[in-house]
Amino acid sequence: MDARSISRKKKEPVEACADESGTLGTESQFQREAREWVQRGDWHRQKDLTEEALQSYLKAIAIEPESADAHISLAHIHLERNEHQRAMEYYCRVIEITMDETLPKSKMLNAAAFQGIGRCLFEKGDCEDGVEFMRRAVKLGVDCEWLNGTTAQATMHLNLGYALANKPG
């Protein structure tokens with residue numbers, strides 16, 4: 001799968017709810033259950049229980065295939081393990097899920113996915129495309145108000161700088 005050839009699926013009807021910031025949104029029962037599995041996965045990752053985290057994220061995706069949070073977390077785990085192809089598949093899925101969204105969190109996940117793809121490509125030796133994906137991540141990060149002034153935004157800039165400084169030629 002390629003980030004440029006991504007399509008979007010239709011979502012099921014949902015009920016109204018408030019997110020952690022108090023903003024009224026919509027969430028189905030499946031999305032709520034998947035979010036709980038993602039939270040379990042996050043807890044396992046904090047405890048360095050990577051296999052348990054992996055299983056929690058996979059369970060979240062089994063319940064709600066459109067869980068961008070679960071996909072991004074799986075992508076990060078595979079990147080940490082230098083499993084670049086698998087990581088890129090999950091990053092591409094995040095972009096597929098979030099590309100038409102205008103919510104700040106979706107923009108943030110989209111930027112993180114482009115950053116991850118860029119790192120995968122760069123680490124695999126495809127420096128030109130890796131740098132281009134990192135540039136796109138930085139641009140998306142600048143446009144995302146949630147990322148302004150954060151460590152995540154600084155990391156995107158640092159990764160791009162590192163890639164440019166270490167790019168052959």
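User: What does the side chain of Ser73 have 3.0 Å from one of its polar atoms?

Analyst: That would be the backbone oxygen of Asp69, which lies 3.0 Å from a polar atom of the Ser73 side chain. A polar contact here is a pair of N or O atoms within 3.5 Å; within protein, one must be able to donate a hydrogen and the other to accept it, and residues adjacent in sequence count only if both atoms are side-chain atoms. Please keep in mind that this is a predicted model, where local features need pLDDT of at least 70, side-chain atom pairs count only at pLDDT 80 or more, and totals for chains, interfaces and linings use all residues. Residues are numbered from 1 along each chain as its sequence is written, and side-chain values use heavy atoms, with hydrogens and water left out.

User: Thanks! Where is Ser73 found?

Analyst: Ser73 is in helix H3, residues 68-80. Helices (H or I, at least four residues) and strands (E, at least two) are DSSP runs, numbered from the N terminus.

User: And is Ser73 buried or exposed?

Analyst: Ser73 counts as buried because its relative accessibility is 8%. The cut-offs are under 20% relative accessible area for buried, over 50% for exposed and partly exposed in between, with a 1.4 Å probe and protein chains only.

User: Which residues is Ser73 in contact with, leaving aside neighbours within four places in sequence?

Analyst: Asp42, Arg45 and Tyr57. Contact means heavy atoms within 4.5 Å. Tyr91 is 18 residues from Ser73 along the chain, and their C-alpha atoms are separated by 9.2 Å.

User: Let's switch to H1. Which residues are buried there?

Analyst: Ala34, Val38, Gly41 and His44 are buried in H1. They are on the same side of H1, because they cover an arc of only 115° around the axis; the arc is that of the directions from the helix axis to the C-beta atoms. As background, an α-helix has 3.6 residues a turn, so residues three or four places apart point the same way.

User: What is exposed on the other side of H1?

Analyst: Gln29 and Gln46 are exposed there. As for the buried residues of H1, what covers them includes helix H2 (50-63) and H3.

User: What does His44 touch, not counting residues up to four places away?

Analyst: His44 touches Leu49, Glu52, Ala53 and Ser56 on that count. His44 is buried, with a relative accessible area of 18%.

User: How far apart are the end C-alpha atoms of H1?

Analyst: They are 26 Å apart, which agrees with the 26 Å that the 18 residues of H1 (residues 29-46) should span at 1.5 Å a residue. The expected span is 1.5 Å times one less than the number of residues. H1 is followed by Asp48, whose phi is positive, near 60°.

User: What sits over the ring of Trp37?

Analyst: The charged end of Arg40 does, 4.1 Å from the ring centre. The rule is that NZ of Lys or CZ of Arg is within 6 Å of the ring centre and within 35 degrees of the ring normal.

User: How many aromatic pairs does a search of the whole structure find?

Analyst: The search finds 1. Phe114 and Phe133 form a stacked pair, 5.6 Å centre to centre with 25° between the planes. Phe114 is in helix H5 (residues 104-123) and Phe133 in helix H6 (residues 127-143), so the pair links distant parts of the chain. Rings of Phe, Tyr and Trp (its six-membered ring) pair if their centres lie within 6.5 Å; planes under 30 degrees apart count as stacked, over 60 as edge-to-face and the rest as tilted. Phe114 is buried at 5% relative accessible area, and Phe133 is buried at 9% relative accessibility.

User: Now H4. How many of its residues are buried?

Analyst: H4 is mostly covered, with 12 of its 15 residues buried. Among them are His84, Tyr91 and Thr98. What covers the buried residues of H4 includes H2, H3 and H5.

User: Which side chain does Asn110 make a polar contact with?

Analyst: The side chain of Thr98, at 3.3 Å. Asn110 lies in H5 and counts as buried at 9% relative accessibility. Leaving aside neighbours within four places in sequence, Asn110 is in contact with Ile95, Thr98, Met99 and Leu140.

User: Last one: how many helices and strands does the protein chain have?

Analyst: The protein chain has 7 helices and 2 strands, and 40% of its 169 residues count as buried.
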